Amino acid sequence: MASSSSFVVAAIFSLCFLSCAFAELQRFEHAPKSDGSLSFLVVGDWGRRGDYNQSQVATQMGRIGEMLDINFVISTGDNFYENGLKDIDDKAFEDSFTNIYTAKSLQKQWYSVLGNHDYRGDVLAQLSPSLRKIDSRWLCLRSFVVNAGIAEIFFIDTTPFVELYWTNPKDHTYDWREVSSRKDYMETALKSLESALRESSAEWKIVVGHHTIRSAGHHGDTQELVDLILPLLKAYNVDFYINGHDHCLEQISDFDSPIQFLTSGAGSKAWRGDVKNNYCQLKFFYDGQGFMSLQLTQTDAQIVFYDVHGNVLHKWGMSKQLSMPK
Ligand SMILES: [Zn+2]
């Protein structure tokens, strides 16, 4: 009797432990600069072995990265075209990443999310720690948090949210290992994101995912994310939602919150002329190749978009009042 009740207690304890563990996102600490400020680059939709100006964008990232003395780089997904990585030995990893982003200033940590094209290969290969033995800059996980002092950055794997990839994959095969069922995956991902946002006391809260929430580009808004993720961003005062997926650079303001939607999906092939011109709240749109930088101090944010030549296309800044000491 005693042994069976202690078994029950142990089982309840481990169930609780498991559900608590699943609701907790993996966290990484990244020290800001000595003055507490932070700067980083954002690039998306890039891995094409240098083609479609990927190499030229990389060169300019190196130059701007040096100038801003960046802390790290964020990749918004669709890391390897057309179909992700075949396996952990796929040479595309070196051909499209290691041997392209060679500038000294880019030899920093890269934080990456997966895009829909990454799901068309061996998704577990791209998530595998063995890639870090080939290139220690690489860190790609499904959902995680980077705590960088004044900013917390919440990465979320958005591909499984998009219903059409499950119901009508057309000629593509998606690697849904570890995220099936979709319903369970979404529940856990949303619960984890909400709990991390709720606990955050950072001055700047930034959420990164591959898919758009608001976009004037080819794919437009992603309804699943508008319905499920946008309410969390509003409830927990997120400052920026950063994505790729549309092969352009853009900034859109929200209708009824201070959230800025920032697209940086122009790391290689861009889609010229593919824009819905009537999108209201559109602050900036560029249909060529390029990337974005974000510089943060405790009170100020500056966003800059660059083209393939490293020219500044658009600059936008905002200030916050210092929060009262707690
Ligand atoms: Zn995509």
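Colleague: In which sense do β3 and strand β4 pair, and over how many bridges?

Modeller: β3 and strand β4 (residues 109-112) pair in the parallel sense over four bridges. Two strands count as paired if DSSP finds at least two bridges between them, so β3 and β4, with four bridges, pair. In β4, Tyr111 is the bridge partner of Ile74. The model is predicted, and its local features need pLDDT of at least 70, side-chain atom pairs count only at pLDDT 80 or more, and totals for chains, interfaces and linings use all residues. Residues are numbered from 1 along each chain as its sequence is written.

Colleague: What makes a stretch a strand or a helix?

Modeller: Both are DSSP runs, numbered from the N terminus: helices are H or I with at least four residues, strands are E with at least two. By that count the protein chain has nine helices and 15 strands.

Colleague: Why is the protein chain called as compact as a globular protein of its length?

Modeller: The radius of gyration, taken over C-alpha atoms, is set against the globule rule, 2.2 Å times the number of residues to the power 0.38. For 326 residues the rule gives 20 Å, and the radius of gyration of the protein chain is 20 Å, close to that value, so the chain is as compact as a globular protein of that length. Along its principal axes, the C-alpha trace spans about 75 × 50 × 40 Å.

Colleague: Which strands make up the open sheet of seven strands, and in what order?

Modeller: The order is β5-β4-β3-β2-β13-β14-β15, and the pairing is mixed. At the edges are β5 (138-140) and β15 (312-319), each pairing on one side only. Neighbouring strands are turned by 20° against each other on average, direction ignored; axes here are lines fitted to C-alpha atoms, for helices over the stretch in contact, and angles run from 0 to 180 degrees between N-to-C directions.

Colleague: What holds strands of a sheet together in general?

Modeller: Strands of a sheet pair through backbone hydrogen bonds, either parallel or antiparallel.

Colleague: How many bridges join β4 to β5?

Modeller: Three bridges join β4 to β5, which run parallel. Tyr111 stands opposite Leu139 in β5.

Colleague: What makes both faces of strand β3 count as covered?

Modeller: On one side of β3 (residues 72-75) are Phe72 and Ile74, on the other Val73 and Ser75, and all are buried. A residue is buried if 20 or more other C-beta atoms lie within 10 Å of its own, exposed if 12 or fewer, and partly exposed in between, with C-beta atoms placed from the backbone. In the protein chain, buried residues make up 44% of the 326 residues.

Colleague: Is Tyr52 buried or exposed, and why?

Modeller: Tyr52 has 20 C-beta neighbours inside 10 Å, so it counts as buried. Arg49 has 18 other C-beta atoms within 10 Å and is therefore partly exposed. Tyr52 lies in the loop between β2 and α2, and Arg49 is placed in the loop between β2 and α2. Tyr52 has a positive phi of about 50° although it is not a glycine, and Arg49 has a positive phi of about 50° although it is not a glycine.

Colleague: Why is Glu152 called buried, and what does it touch?

Modeller: Glu152 has 22 other C-beta atoms within 10 Å, so it is buried. Glu152 is found in strand β7 (residues 151-155). Not counting residues up to four places away in sequence, Glu152 touches Val145, Asn147, Ser200, Ala202 and Lys205; contact is defined by C-beta atoms, placed from the backbone, that lie within 7 Å.

Notes:
Contact = placed C-beta atoms within 7 Å.
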